[in-house]
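Subject: Structure handover

Hello,

Here is the structure I promised to pass on. Please open it alongside this note.

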Amino acid sequence: MLFLLIITFNAQAVEPVPENEDESDNDDEDTYVEAFPTEPAEEYDIYRKENPQDPCDRGLDTYNYEKSWYDNTQIYINSGFCEPALWFDNFFANDRVFAEGPAGTYVRWRNNFIYDEEDYFQFKTSLNISVELPGTQDKLRLTYENDEDENIQDIAPGNTANNTSSLGLQLQVLDNIRSKITVSVSFSPSLRLRYRYTYPGLKDLTLRFTQEMERDQAVNSGRTLFEVEKPFEQRFLFRSSTEGRVSEAYDGVDWLQAFVLYQRLNKKTSLSYESSVNGITEPYTIATNYGIAVRFKKNFHRKWLFYEIAPALSWPITLDESRDNVITDRRSRWSILFRFEVHFGNAHKKRYEDYN
């Protein structure tokens with residue numbers, strides 16, 4: 001059995017829009033009013049004041065109550081979530097957008113043209129859909145998504161993974177400042193429970209823990225992902241991803257360590273510098289692949305059209321199906337990907353405005 005200790009707190013605020021005053025911001029605060037039989041309920045109001053030089057700055061906000069240490073923590077998290085991590089996740093269409101349920105409807109259609117030194121030319125297309133069902137207060141969504149984490153595949157060149165997609169439903173069980181719990185049921189059939197906890201560490205450092213448990217076609221599996229993010233100079237974001245997978249289909253742990261440095265050139269163009277190593281622990285411990293890549297992504301012609309160019313170099317070994325024997329020894333292998341991507345829908349996530 002897996003026991004999860006979930007420590008959460010929520011800085012509460014009710015944010016009205018006073019007449020002839022700046023509009024207050026209540027996107028990230030829940031409303032909590034404790035009523036006493038003999039005392040009127042207290043109101044905790046926050047009035048946001050925009051900083052034109054830094055749209056993520058919450059230091060100019062005014063309050064009708066005295067702030068405590070947990071209010072400062074909540075302000076720090078709100079500001080941190082507005083920083084480049086969200087911009088890069090949206091710009092690079094990170095699967096986290098789907099996992100955490102964007103407001104409204106979000107559709108991503110990817111067309112990959114790949115030339116590989118060994119497999120030659122390949123074409124792959126994928127469609128990811130997240131649709132908010134009416135009357136459910138954004139708790140229940142209809143999804144059509146890839147059964148594997150496409151972003152992990154991107155940052156692990158040469159990593160072969162299942163590319164099947166399935167239709168399903170996603171229920172949001174918990175969603176607050178730090179913790180998110182979702183349950184997904186697909187018609188493959190499969191059942192997946194995902195728990196994600198985000199913790200602000202030192203200044204400008206964010207720690208994110210994700211735990212998934214899945215039963216897919218009578219096979220139980222688990223996935224643990226630990227991410228460390230640090231933005232700097234407002235145009236760079238460094239992300240470290242450490243992943244471990246276990247399954248009844250094989251012994252031991254499949255693991256991955258990846259490092260990505262994102263660079264924002266302007267509001268329509270970004271680069272990412274990627275490196276990774278993945279391997280297994282059974283029947284013996286071995287790194288099955290090393291890889292490096294550079295990814296250029298540009299928004300062009302319309303806000304919902306993107307293209308990517310990603311040359312990559314990897315050093316894999318090839319195992320047989322039982323993973324007991326090496327079929328092909330380690331060698332160098334180059335590839336280049338050209339991706340055409342289309343976004344549809346009316347989904348939106350909070351993003352920071354364009355920095356100068």
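Which residues do ring pairs link into a cluster? They are Phe 113, Phe 123, Phe 296, Phe 300, Tyr 307, Phe 338 and Phe 340. Rings of Phe, Tyr and Trp (its six-membered ring) pair if their centres lie within 6.5 Å; planes under 30 degrees apart are stacked, over 60 edge-to-face, and the rest tilted.

Some ground rules. This is a predicted model, where local features need pLDDT of at least 70 and side-chain atom pairs pLDDT 80 or more, while totals for chains, interfaces and linings use all residues. Numbering starts from 1 along each chain as its sequence is written, and side-chain values use heavy atoms, without hydrogens or water.

Aromatic pairs
The whole structure holds 10 aromatic pairs. One of them joins Tyr 115 and Tyr 120 edge-to-face, at 6.4 Å centre to centre with 65° between the planes. Tyr 115 is partly exposed, at 35% relative accessible area. (Buried is under 20%, exposed over 50%, partly exposed in between, with a 1.4 Å probe and protein chains only.)

Surface patch
Both tyrosines also belong to a nonpolar surface patch. A salt bridge puts a Lys or Arg side-chain nitrogen within 4 Å of an Asp or Glu carboxyl oxygen. Areas are Shrake-Rupley, 1.4 Å probe, with only the protein chains shown as cover. β3 (105-116), β4 (120-132) and β18 (333-345) each give two or more residues. Strands are DSSP E runs of at least two residues, numbered from the N terminus. Trp 334 sits in β18 and is partly exposed, at 39%.

Core
The largest nonpolar core is Ile 155, Leu 237, Ala 258, Val 260 and Tyr 262. Strand β12 (250-266) gives the most, three residues. A core joins buried Ala, Val, Leu, Ile, Met, Phe, Trp, Tyr and Cys through side-chain atoms within 4.5 Å.

Backbone
Glu 282 to Pro 283 is a cis peptide bond, omega near 5°. Pro 283 lies in the loop between β13 (269-280) and β14 (286-299). His 301 has a positive phi near 65° and is exposed, at 60%. Arg 323 also has a positive phi, about 65°, but is buried at 15%.

Best wishes

Note on methods
Helices (H or I, at least four residues) and strands (E, at least two) are DSSP runs, numbered from the N terminus. Patches are made of residues with over 30% relative accessible area and no salt bridge: like charges are joined within 9 Å, nonpolar side chains (Val, Leu, Ile, Met, Phe, Trp, Tyr) within 5 Å.
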